[in-house]
Structure formats: structure tokens, C-alpha cells
Amino acid sequence: MYLQSRRTFLKGAAFSVAGVAIAKGVFATDAAAESVTNSKFTNTPDTLSFYPPQSEWDNFQELDGADWKRGGIERHGVRSEENPDGIQVNNYTIVPTVCSNCEAGCGLTAWVNKDTMTVRKYMGNPLHTGSRGRNCAKGYAVTSQMYDPDRIPFPLKRAPGSKRGEGKWVRTTWDDAMAEIGKKMHDTLKKGDEISKKQIIYHVGRPNENGFGHRVPHSMGVDGYNSHTNICSAGARQGTIQWANDDRNSPDWANARLIFLQSSHAADAGHYFQQSAGLIADARKRGAKMVVLDPRMSNSAGMADLWIPCWPGTETALYLYLANRVLHEKDINGTDLVNHEFFKEWVNWDRLMANREYIEKHMLGNGYISKMPKDDSYESFIEMMKELYSPYTKEFVIKECKLEGMDHKLDALWEMYIDAGDKIATYLWRAGPIAHRGGWMITRAGFLTLALRGALRGDIGGTSFHHWHEISVAGKGDKSTVAGERPAKVDVWNEIPWPPEYPLSSYEMSHIMPHLLMDDAWHEKWTKKGLKIPKSIAVYMPRMYNPVWINPDGFRWIEALKREDKIELSFNLSPTWSETNWYCDYVLPVGLAGERNDQQSTPSKPEQRIEFRQAVLRVAAEKAGWKAKDPSRATLEAHMKFGLGEIWEESEFWPNIMVHHVDPDGSLGIRKYWASKKDPSRAVTVPEYFDAAMSLLPRLKETATKMYKNEEFPVYAYMRDHGAWTEKTNVYKPQEEELKVDSEYVYAHGKKYPKNEVKKDKFGALWIEHDGREHSIGLVKDDKILAGFHTRSKKLEFFSEWFAEWKWPEYAIPVYPRNEGEYKKMEHLVTQVHHSFMKADNEFALNTVFRLPYNIHTRSVNSKHLMEISQNHNPVWIYTKDAEKLGIKRGDPIRVKVTDTVSGLDSGYFVAMAVPTEATRPGVLACSHHAGRWRLKESVDIPGFEHPLTIMGVGAPTYEMTNDGKVGTLKPTGGLHARHDVWQFKEYNKDLDNIWWDGLSGSWQNAVAPSHPDPIAGNHAWHLKVIIEKAQADDKIGDIVVNYANNFKVYQAWRDQLTRPLDHNDTERRPWFIKRPAVPLSKKAYEVHIKA
Amino acid sequence: MQENILTQQIARINIYALLSRLLMSEVDEEMLELILKDENMLSFFPTFESWEKREQYSNKDLIEKYLNVDFTNLLLLHLIPYESFYTREDQMMETGGDNPVQAIFNAFEFNVALDKARVMAADHIAIELEFMYELAKAELKAMEDGNMQIAKEIAQIEYGFLKDHILEWAPMFLLNMKNEAGTAFYYDLADFALEFILSDFEYLSELKKRDYDYLAGSK
């Protein structure tokens, strides 16, 4: 009936009721519309990466999030007296900072509400060219961590008269704590003998800063830095040191054609997740392929073009297979696949070929090759390589890596690898290299495949080394201090972190620190041989670290910490409660991402960048005109003033304790390194120190000086306001950079050397003599002098000459056992969880070392958001058919018994939930060691304080513990529960009545694991041989039973059966030219005399 | 001002009011009674007028058992009576302040009480029709005041809003509604609304052709 006559509708005029009575009347004109016209808010940004311009950060208004969801101001207008139903507008100061939840150090901005002086949210920092304004779940969780209801509100001291671990605490002040601790340090150092310089140990977890922590022991003249590297990445570092004398590699993800990952690192967890993941995503968008080698189907593997589930620890074989094919095959044009132009120029084949004695004795002698090369030419070298790697065939790899039925995957890998040319980006870091004995060789072999194709040149889309992509100046604020210069090199060598069995370790042997302390026989043995080893640690200072929980053999840590004759005083600079805190004398609460002052730099792409972590409340308050009474304690004062609690941080704590307590009169020569040049009566301030440190970047200094003409500390001011600075971009092929040379000098590494003192060797390396040692400074190529790599040869070292000289000649080139007969002979390269050790159906390799993307070791237990999404995410993955065979079903509790393949000793077991899945390979279980936190009490009462302090109340269930010096047990006794006891930060914790999770996210498997120190890299080889069985009637998921007396013997077996310790022929502790981070030592400290 | 022009305007106002009311929320007994008692109104619901269920059930039961069920189906659950759903390529609704229809209302300083309307966004068909009702009312007032320039400007806005918004999608929606209707009442309502919108656009187009000379058309 279209269209009706218009006349029909005229009837509408004759309705018995007028329209006004019918219409709902939802329109009204009011004040809202006017307020909208006058506003400038963005209702819905066009892109997710929307940020206000930096120029508006000091004063930025934004609609309140809770109101925004009502439709924004366009619907409701801006709230005012006239428009009370409008949208709330917040007045912010946006302060840039840096995330501290993992090592990636992504940029953050803290949105400080100026009216309440609280941080309402943390967002990304778009000025950070690595993270580009983006963050992962852990970054956005910082708000929940900052206002964690269980935040430790003031320094705690073990109650006088109580024992460590009793859980009795009293409230103290920072000043009282500093006085007692400072005195103990003073008294120790005052002795001035060799032993006392080994008795203060600063044990740093993930530092997330670049050098400030190193300065602490260095300035005291002690060799007292201990890192967590040996449970993290020592294997990868060892392999990288051997190739490049660098600490780690650094890929150009964004421009790669092949993303070649071993493990889930970079793309879904770990180094440098989020930044790397974004760059990898960019590359894949443009067509790059991604390969993941991992026994477990991680998120990365799941979305990769190719997943290759090698048997864990055998990846070396696969890499050498690629090397074999590259050496033997040609492309369709008949051209060699080896990138000779790169390999010949930049790999030290020449030194190997010149060392015929080595070739004969160790390569020929070990049967790696059948005949000596006819001459020392490159061509003969390649011929020798062809023979060397010819045993690593496809058939061999399929058998060794247990890839039966996966031939097609190897073919696909080969195609991708070759198609990518020299644009292959990788990051060999944790996973294989840390998990296994000989894991370091995985890195050696992995880099060989890259070097052969030219991908290690560090060119666009390839792989370089981190040194060139990182800036470390946090330890170099010397000019702000009275001393005005770096402290002198330290003259002692500390055997506790650097024991003589591990001269090449990378780096400190921290995971066996309690074992060494309690190993009287070891102490006696080396004392008899002439070393001076302390029997105790006077002051043990973990910093943002939880060694008890995260290290293997946790009960040994507990034993050591409880022994006051072994650890005389201990304090943890810790933002959260932790298992370690429980056994310390002091818990000193320090800041999280927005509550600290650190310079950080992360090599996530080919550029040089620094970022600046800040105490954002202090900065916001100072911008609003607030001034601290004592400028050297401004962060602490701001936190106390603005309701965060007595939260401090190291860059103010250390200068203060040094100046006022450790060396108050300067007699120890320490004070001058921490007293302010501007006002020597007090400690150096954050602006003073970091302005001096960051002024070492010339472009930053130039820019900041122009921009902040009226500021006393312009570089500090720039970083305070921007949070990140990129000093240099497109850092490609840095080894090919020409050194400056003039008529008199050669300039290298910021120094100049008289030309007539520079000598060239026959391989083109330039050398100078300095401090009685030969240093190489560059490499002559054609008529140019190039910087070269950081190695002695200035080339990449296929042949690690020094490694051969330091007792390991048979492994000085990338090799791997070629048959079962060589497993024993080359046992240092064979993983402790090799398939040859698995005899029965219920014997497995346990893959422990993968990270969970939303948890960072021990740093997420204070975030209710992260803990909520973590629940039940850490079962034992078991391959479906393996589970079927053993009658194990989804959800079944199983006993996972740990057994050692070196000593044959059993360590006990943990009980965990089994989940049969196709996402782990046959024969290999997976259970991340990043879950399973515990507490022995729900809360502690502090005398005189009205509220009980809850311990990890959103993340850890309660357990009952027994330990008698030999056997330790842990049994869960109670889960988490809804919280109605929140007394602080209520505004941020309105949802705590909705804790539905019990917190039992895994078992403390780390305690069951014995320490497995790799004989060369020193890393704890994390993976475990396990025997599984169904749980027994009384077993509960979370139970552990540990024979830590056996674990002690396991550590000893690995140490004594596998290492090649220093002996009377050695004159130095370690090759002086390879990295030994943290404390620089003098030549004297390196010298050693071991009695026969 | 000629009587027939004013009559026409009042008719437009009343019909926009009725349509927006019925498309916005469920009919209640009072509303139903009003329609049933008013032969002019009822004449727009010819199928409903002779619907046998009307005889079988009380108004209350009719509403509860049939009309509200149909309303829910047509306007709340299964069909999407929002412009953005029909006009955006991604068929996403814009419920926030960036809804372009909302922006138009704001530009005229009309604040729409979405909570009172119980709709999700300002581009709901009933809101758009009520906006037309508001405009027509304002136009009438201007006419009555003899301010024909203002009336003309408002008529231009009506034309533009119908053309650029309502006609861009409402016919499709109303055809769907008519097809899906499970009661004579909503079947008629969809048809009524469709017919009226098209007719009104024709009227406004004619007016536009005459450069909004109201009197010219009536001669």
C-alpha cells in the first residue's frame, strides 16, 4: 500500500490526545550541552595508542574511567555544580617511569591525581622507543601492586630474642635500621683484612637497572656482588662470551625474515617480552616466518609457522645439522650457501688454522676429523668443517632430538632458514641454555648456523650483540660526589660467589652460596691450598630478591639463613613479603615501578636508549611545589607524606647509609663516593647523581641543556619529564665502524693510544700493552682500522682459544657427541635429562624453566589481578599417550619424584596436578617453576600497631613446614579467602571480598630440585629427571618432601665429578679479558697461587 | 497562517509522537485503551482492529501474553533498532558519546535521557522519531508566532535529518520488523511507521522544492 495518501495522515491532527501527551519526552536542553562545547576531551580515541602530547603531561585533564563508560561527556556533559550528573574530570600530572616487573623495562606513565596525590593508573610511555607506549598484563598490574593491601608499611625487624624464621617482628625505622646495619658493615670493613672484604654480599635479583647496584660493593672495596644470573641465563651468556665476548645477542626482530626462537622467550614471555613481541608481530605482518624449538607448545609455538619439539637439551645436534647442510649444499644457482664474504672476514678461522697443534691434538685426536688440513687456507678450513659436521645428518638429528615422524618439519625448517638469507633474528637465552648441563653449547651451535649464513653480522634483520644496543651509566654518577671519580679496582677475589671450581662461570655461583658456606670440607680443602675463604658472611643483603624460594634446594637456603654463625646479619630490600624475608633480620620495604629511581637500558632493538624509572609521587609533588626537608631522602619523605607508607629505594638508601653510618667520618675511604659534591655534609641526591650519570650521553646532554636552560640539573629534568631517551638509532654492523686515527693516536673505547705503541699481529688485530697486559683494540681490514667484535681476536670466535687453554680444549669449537659411545666421553655436553637416561615408562624429563606470561618469578604475588589469572595455570603437562599408558587422567594428583643422573641420588618429590595434553612432546613433562608460593602464617602482629600485617594475602596459601636438617616437608593447610580486613588502600581494593581462588597455583618444586651446577658455565641446570606415580591417599597437591641431605651430595657430585678446578699450575683466577660484571678487580685480585 | 497547514503540522507532530512512543517502550493498558478508543489512531492499525485475539483477551492479557512478547522480540532482542548497526560496515553500535546522531542532538543542545528511554544509544529509531517530533513542534511554534524564517530553517533540518539518517536505515529496519512481527499490532505499527516516514519525506521534499514556501503548496 505504498504510499498511502498523505491525506490519510492528516487524521493525526485529529487525535483525541495531543502528541505532547503521547511522546515519552526524552529530550531536554540543559547545562550539559554547553559544558561539552567548552571541553576538549577525547571521547573515544581513534587508536589504542592514543596518548596526550608530552607538553600537556604536567596538567592533563581526563574523564574518569568509571564515568566514561556511561557514554562520555557527549551524553552527560562535564560534572559541575550546575551539572551534577555529568562526567567526573580528573586532574592529572603524568609522570613517566619504567616497569619493574621484568627485565624488559617497558615505559610507563603514572597518572597522578593531583587532588588526592594517588596514582590512579599506569599506562604506557609513547616516548619509549622500545615499548612504544605498550605494556603487557604485568605493566598494567603495577597499580594493583602499588596499592596492594598487604604492602609492608614500615621497616620490620626480627623481634629481639626471637630466632630467624619464628615470625616475630617489631616495627623499626629506617634510621634505626641503618644505624645497626651500618655499624655492622663499618665494623666488618674496619678490620681491613682480606677476609673481611669477602664478608659483605649484595645479592641482587633482577636488577632492572644498569650499574648502580654494582657501585655498592665496588665503592666499599669488597668483592661482594652476587647476581641471580646462574639460575637465569648463564648458559646462554657462556656461549655468547665464547663467540663474541659479549653477554648476550641482540636481534633486529622487526626487519627479520625468519624469527628463530628456542623457547617462548621474546614472543610470549621473558627477555624482552612485549617489546620483542611487538617487533616480532611487525615482522610477521610483513611476511616473516617464525620457527619455535621447544618441547612444549607455548603460545609462541602455537602461533608459529613451525613448531619443532626437540627432546630438551639436544638442540645442539639440530643446529649442527643445519651447519652440515649449509656447508655441503649449494643454492639453485650453484653458489655456496655459506656466506663466505662474512665468514671469511669476520670469523677467526685463521687462528684455528694457524694452531696446527690444537687441530692435531684435539680435533684429530678426538676423532672429530680424520686427517690434518693440507694447509692453513680458508678453503682448507671449509673442507675441514665439512668433515667435522658431516656426522650431524638428518637421520642423526631425528634420532638424537627424538623427532621420529617429523622429517617434514626438518625440511620445512631448512627451507625457511635458507630463504631468510642473512635476515635471521634469534634470541638464545633461557630455556635450553640454562636448563641443561652443556646448555651453553646450544648457544655455540646456534650462533654457528647464523654465522655461516652471515646473520651474525648485525645488519638489518639479522642478529647482533647487546653491548652495542645498551647504555649502562647508572653506576657512573661519580661527578656528583665528593670523590668525583670512580672507586679504585678492588684487590680481593671472593671465593663464595666465584669458587675455584668454576673459573669460567658466567657469572657468580649464587645458587650454591649456602652450600659453599656450609661445606666445611670444601672450605678446609681450599684453605689448605692457600685460599682465604670466609667461614661466614657478616652482612647478607638480598635486594628485590627471594633466593629461598626461587633457587634450587630451598631448604638449604633456609638452613643457611637460620645459621647466625654463617650469616651474621641479613636484610632484604624487598617491596613485598617473601619466603626469604621470613628468615632475615630486617625487611626493608623498597619501591616498585613507580617508587624507585633507576637508569635502565634494554637492548630490544638495534638502537641505544635509556629509560628512567622514577618515584612518581615525589616527582608529582615536587612539580606541585612540595619540597623535602632533606633532599637526599626526598623519595622516602614523599612516600610517607602522600600515604604510601615508609617505602624507600636504593638510590637514596645507599648514599645515606654509606655517608651517615658505614663510613661517617670518611676513615674507610667510602664516604666520599656517596657524599654530595654540592653539600658534602649530606648524601648525594637523586637529581644530582642521575644528572651526572646521564650527562655521559652527549646527544642527550646537548638536547637537555638547550631545552632546560633554567634547570640546575637539565639532563635529570629531561628524563624526569620524558622518561626515555634514544641516543642513537639504526645501530647496524657496529663491528665495522672505523676507529678514529690521527697522526699520533688511535682512538678506541673512549681512550687514545699512541700509534707507536700499537702493534699489529699477523691476523690483523691491533694490540697495546697496558697495566702489564695485552689488550686488543681494533682490527685492520684493507686499509682501515675497524672496531671489531669484543673478542681478543676482534672477530667472532668459532675457535675459542682461551677456552681451550683454560682446560676445555675438546669443546673449544662447536661440537656434540656423535653417537652413544660419546655420551660418556663428552658428558659435559650431554644434558642431565637426556633420553638415554630414561629407562621406564614412568621416567621423564621435566621441563621446568618456562615462564608464565603473567607471572614473573616472585614479583607478581602482590598483584591481585595477576594472581587471579594465574590460578590453576601450573599443572604438570603430560603427553596424552604417556598419560594413557600410566592410567593418568586430567586433574589427577601425581607424585613427581626427582632423581639425579650424576650421583644416582633421589631428592624427594612434589605433588602436582596432571593435565594430559598434546602440547608437550612424548617423554617430556612440563611444569613451570614460577608458581607455588607459600607462607607459614597468614599474618603477623606487630606490637603497638593496630592492624595485623597480612602476608601475601592475594597470592599464597598457608603451609605447614617441617625440616630437621636432612628432610624438609611442606603441606598446604589453608587457601586464600575473601578479605574484609583491608586497612590500607581501601579505595583500590573494593573487590577483595571476591577472592574466589585458593592461591594454590603449584608446588614449590624449586625446593625439591638439587643444585646442578654446570661444570663450565656454572648455571643451575634446571631440568630434572623425574619418576612419576599416582599420588597416595594422604597426598595433597602442593605437598613436597625433600631429602636435602641428598641434595647436598648431588651438588657435591656435580662439582667434584664434572669440574676442572684451578690447580697449582694456574696463576690467574679467570681469563681477565672475559666479562666479570659488577665489581672491577685489580690484577692483584686475579692472581692466584694454589698449593699443590 | 492557513488552517490546513497548521493541521498538517499538528498531524505530523502527533504521529511522530505516537510512533516514537510505541517504538520506544512497551504499550501499557492506558496507551492501548487510548488507541482503541480513538478511531483516528485505530485507523492506522487496520489489521489489529480486526485481530481475533483482541476479542479473546482482556487488554491486560493481550499486552502481557502477546504485545509485550512481540515488542521484546522486535525491539529488544532480535532486531537491532539502531542506526549505527545498519550504517556502519562493522555493524557495531556506538553507545558512547561519539555516536554521530548523538553529536547532532548535542549540536542542537538537546540532551537525550537514554536511561529514561531505556535504550542503548541515541540513534535508536524511537529517539530519532522523537527528535523529529521535537523539531516539528518547534516548527509549529515558529509558524504560530509568524516567524516563517525560523520555521523554514527547522523544516530544512527535518529534511536533512530524515534524508541523512532516518531514511538511510529505518525503512530496512521497519521492513524487517514487519516481516518478523508476531502480532497484528506491531505488524501495523511497522507498516504505519514506514508509510509515514516515506510520506513525510515526500512532503518535506515538496516543501524544499518550493523553497519552504508553506503557502505556495496550499494554493
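1. A residue counts as buried if 20 or more other C-beta atoms lie within 10 Å of its own, as exposed if 12 or fewer do, and as partly exposed in between, with C-beta atoms placed from the backbone. By that rule, buried residues make up 44% of the 219 residues in chain B.

2. A word on the source: this is a predicted model, in which local features need pLDDT of at least 70 and side-chain atom pairs count only at pLDDT 80 or more, while totals for chains, interfaces and linings use all residues. Residues are numbered from 1 along each chain as its sequence is written, and chains are lettered from A and ligands numbered from 1 in the order in which they are written.

3. Chain B holds 13 helices and 1 strand; helices (H or I, at least four residues) and strands (E, at least two) are DSSP runs, numbered from the N terminus. Reading from that end, the order is α-α-α-α-α-α-α-α-β-α-α-α-α-α. The radius of gyration of chain B is 18 Å, close to the 17 Å from the globule rule for 219 residues, so chain B is as compact as a globular protein of that length. The radius is taken over C-alpha atoms, and the rule is 2.2 Å times the number of residues to the power 0.38.

4. Now to chain A, where β25-β26-β27-β28 is the order of 4 strands in an open sheet with antiparallel pairing. Two strands pair if DSSP finds at least two bridges between them. The edge strands, β25 (759–760) and β28 (784–786) of chain A, each pair on one side only.

5. Strand β27 (residues 773–781) of chain A pairs with β28(A) in the antiparallel sense over 3 bridges. A:Leu779 stands opposite A:Leu786 in β28(A).
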